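Here is a short briefing to read with the model open beside you.

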Amino acid sequence: MQYNSVILTIATFNFDNIVSFYTQLLEQEPKKLIPDVYAEFQITSLKLGIFQPKQANKPEFDANAQSPLSLCLEVNHLETAIFYLTSLGYPPPGVISTASHGQEIYAYDPDGNRLILHQSH
């Protein structure tokens, strides 16, 4: 199998709010934008796509708080990242924990998708 790139996508019916959140979080405008349909951010070698499913497919994409998927962001300074996320109106609900790879904290975007912010040792 050959491929050119991998895109992680987030489905949302809260399109404008989610695109605004990730624009602020990632401190960049989408590289591609089709209003109310699709936005794409380039994050180093990862493409993050946000799309609005067709209304007929809504049940398949309803938010599931128990999703096993997370968007993990490695940061240089965890406390600064927490402050920034809090300033966007989405403070992490828990406390910093220590994992095998360093310190981390869980946070959530406006649709409840899990973000894991982590700072390596």
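Which side chains meet in a salt bridge? They are those of Lys32 and Glu40, at 3.9 Å from N to O; a salt bridge is a side-chain nitrogen of Lys or Arg within 4 Å of a carboxyl oxygen of Asp or Glu. This is a predicted model, in which local features need pLDDT of at least 70 and side-chain atom pairs count only at pLDDT 80 or more, while totals for chains, interfaces and linings use all residues. Residues are numbered from 1 along each chain as its sequence is written, and side-chain values use heavy atoms, with hydrogens and water left out.

**The salt bridge and its surroundings**
- A search of the whole structure finds one salt bridge.
- Lys32 has 47% relative accessibility and counts as partly exposed, whereas Glu40 is buried at 6% (buried means under 20% relative accessible area, exposed over 50%, partly exposed in between, with a 1.4 Å probe and protein chains only).

**Glu104, a charged residue without a salt bridge**
- Glu104 lies in strand 7, residues 102-108 (strands are DSSP runs of E, at least two residues, and helices are runs of H or I, at least four, numbered from the N terminus).
- Glu104 is buried yet has no salt bridge, and the nearest side chain of opposite charge, Arg114, is 9.0 Å away (Lys and Arg count as positive, Asp and Glu as negative; His and the chain ends are not counted).
- The side chain of Glu104 does make a polar contact of 3.0 Å with the side chain of His101 (a pair of N or O atoms within 3.5 Å; within protein, one must be able to donate a hydrogen and the other to accept it, and residues adjacent in sequence count only if both atoms are side-chain atoms).

**Ser70 in its loop**
- Ser70 is found in the loop between helix 2 (58-61) and strand 5 (71-74), and is partly exposed at 28% relative accessible area.
- The side chains of Ser70 and Arg114 are joined by a polar contact of 2.7 Å.

- Four strands form an open sheet of mixed pairing, in the order 1-4-3-2 (two strands pair if DSSP finds at least two bridges between them).
- Its edge strands are strand 1 (7-11) and strand 2 (32-34), each of which pairs on one side only.
- Strand 2 pairs with strand 3 (residues 38-43) in the antiparallel sense over three bridges, and Ile34 has Tyr38 of strand 3 as its bridge partner.
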